[in-house]
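Okay, thanks for coming, everyone. Let me put this one up on the screen and then walk you through it.

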Amino acid sequence: MIYYAVADVHGFYTLLEKALRDAGFFDETEPCKLVVCGDLLDRGSEARQMIDFMLRLAEEDKLIYVFGNHEDLLYECLQKIVGGDVFEIASGMSHHYTNGTWDTLLQISELSATEAYKAPRELVRRVLNSPYYKKLLPLGVDYYETPHYIFTHGWIPSHAVGYKPYTTYTYEPGWREADEEQWRRARWYNGMQLACKQKVLEPEKTIVCGHWNASYGHAHIHRACSEWGSDAIFKPFLDHGIIALDACTKYSGQVNCVKIED
């Protein structure tokens, strides 16, 4: 099977389509699947095009949808709105606004910000009845595994000791049986740091991840550039046991796509 892997496309459908076309996805003659390593929406303005495309792939059995932290944020934002926190979110005083979740809900519901603020129950009703919520989100998984690769968002659940920035992580052999809360935490991990500095690796396999901008690895691990300057490198970060894909699309204007045969 051939896998085309992307991560953190964040609602930038046009850039995703270009990356897939450049990688040969649309011309592929062998059996293939697209693996989305989390964070499908938020930040970009093409949520509906992204959803429609993913649903078409799902109907063709060509999609593997791995949950990211932004999928968790969508569920959390809906709960906050139901709980009466719509003013804080809509006025920009919440991370659900700055992270783009509020805008995603507006795109999915096809309501203006004013309409959604005045009728939060209608906003929630429309989202809960949308194809994204009813058809696409139920396809989400914490990870996808092949003989030689593991596809996930931040990293695999690990044993953490201490408090940031001094937390140390060690490999947890039973990570596949991790509970929901452990996976939610793992989706926020910096996979490059865990793989290359803490040596949290899956034996004999490569983990394909997203979440943290690939320029971090190029800058702080390979010492090849600055993390955010004009020389920053946002192409995939590759090292022993890891392929990190997050191109920080809103900042870099690009989506990373790697082709893997396994």
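Before I start, one term: when I say contact, I mean heavy atoms within 4.5 Å. With that, take Leu40: leaving aside its neighbours within four places in sequence, Leu40 is in contact with Val9, His10, Gly11, Met50, Met54, Tyr65, Glu71, Tyr132 and Leu136.

A word on the source: this is a predicted model, where local features need pLDDT of at least 70 and side-chain atom pairs count only at pLDDT 80 or more, while totals for chains, interfaces and linings use all residues. Numbering runs from 1 along each chain as its sequence is written, and side-chain values use heavy atoms, with hydrogens and water left out.

So, which residues have the most contacts inside the largest nonpolar core? They are Leu34, Leu40, Met54 and Tyr132, in a core of 44 residues. Helix α2, residues 47–59, gives the most to this core, with 7 residues. There's also a second, separate core of 22 residues, which includes Trp175, Leu194, Val200 and Leu201. By nonpolar core I mean a set of buried Ala, Val, Leu, Ile, Met, Phe, Trp, Tyr and Cys residues joined through side-chain atoms within 4.5 Å. Buried is under 20% relative accessible area, exposed is over 50%, and partly exposed is in between, with a 1.4 Å probe and protein chains only. Helices (H or I, at least four residues) and strands (E, at least two) are DSSP runs, numbered from the N terminus.

Now Asp72, which sits in helix α3, residues 69–82. Why does Asp72 count as buried? Because its relative accessibility is 15%. Not counting residues up to four places away in sequence, Asp72 touches Arg184 and Arg187.

On to the sheet. Five strands make an open one, with mixed pairing, in the order β4-β5-β8-β10-β9; two strands pair if DSSP finds at least two bridges between them. The edges are β4 (144–145) and β9 (237–239), each pairing on one side only. Inside the sheet, β8 (residues 206–209) and β10 (residues 242–244) run parallel, joined by 3 bridges, and Cys209 stands opposite Ala244 in β10.

Last stop, β1 and β11. Strand β1, residues 2–6, pairs with β11 in the antiparallel sense over 4 bridges, and Tyr4 stands opposite Lys259 in β11. Which face of β11 (residues 258–261) is covered? The one with Val258 and Ile260; Lys259 and Glu261 make up the uncovered face.
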